[in-house]
Amino acid sequence: MSDDGQYWFCLKHHTVEGVDGCRSQDRLGPYATAEEASHALEKVAERNQDWDNDPSWNDENLED
């Protein structure tokens with residue numbers, strides 16, 4: 001893995017990678033630990049759920 005304390009989650013391979021992984025466009029991160037990176041998709045889902053239920057981000061009431 002990474003020796004500099006940075007880890008990414010590869011969206012292409014669904015694996016945790018160090019600094020020498022896939023290209024940046026295919027990754028989420030950086031994360032401080034491999035454990036954090038392994039939960040990247042869960043964190044994305046939590047944030048999306050929060051944003052979907054945040055009244056200040058509700059686009060349904062916008063006028064055309």
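Helices (H or I, at least four residues) and strands (E, at least two) are DSSP runs, numbered from the N terminus. This is a predicted model, in which local features need pLDDT of at least 70, side-chain atom pairs count only at pLDDT 80 or more, and totals for chains, interfaces and linings use all residues. Residues are numbered from 1 along each chain as its sequence is written, and side-chain values use heavy atoms, with hydrogens and water left out.

Q: What is the order of the strands in the open sheet of 3 strands?
A: Two strands pair if DSSP finds at least two bridges between them. β1 and β2 pair in the antiparallel sense over 3 bridges, and β1 (residues 7–10) pairs with β3 in the antiparallel sense, also over 3 bridges. The order of the open sheet is therefore β2-β1-β3.

Q: Why is one side of β2 and of β3 left without a neighbour in the sheet?
A: In the open sheet, the order is β2-β1-β3. β2 (15–17) and β3 (27–31) stand at the edges, so the reason is that each has a single partner strand.

Q: Which residue of β3 is the bridge partner of Y7?
A: Strands β1 and β3 pair in the antiparallel sense. Within β3, the partner of Y7 is Y31.

Q: What angle does the direction of helix α2 make with that of β3?
A: Helix α2 (residues 40–52) packs on the sheet and touches β1 and β3, where contact means heavy atoms within 4.5 Å. Axes are lines fitted to C-alpha atoms, for helices over the stretch in contact, and angles run from 0 to 180 degrees between N-to-C directions. For α2 and β3 the value is about 100 degrees.

Q: How many residues make up the largest nonpolar core?
A: A nonpolar core is a set of buried Ala, Val, Leu, Ile, Met, Phe, Trp, Tyr and Cys residues joined through side-chain atoms within 4.5 Å. Here the largest one holds Y7, F9, V16, Y31, A37 and A40, and the count is 6.

Q: How far is the charged end of R27 from the centre of the ring of W8?
A: A charge sits over a ring if NZ of Lys or CZ of Arg is within 6 Å of the ring centre and within 35 degrees of the ring normal. R27 sits in this way over W8, at a distance of 4.3 Å.

Q: Is H14 buried or exposed?
A: H14 is found in the loop between β1 and β2, and its phi is near 55 degrees, a positive value in a residue other than glycine. Exposed means over 50% relative accessible area, with partly exposed between that and buried. At 51% relative accessibility, H14 therefore counts as exposed.

Q: Is D26 buried or exposed?
A: D26 lies in the loop between β2 and β3. Beyond neighbours within four places in sequence, D26 is in contact with F9, C10, L11 and K12. Because its relative accessibility is 15%, D26 counts as buried.

Q: Which residue does a cis peptide bond join to G29?
A: The omega of this bond is about 15 degrees.

Key. Buried means under 20% relative accessible area, exposed over 50%, partly exposed in between (1.4 Å probe, protein chains only).
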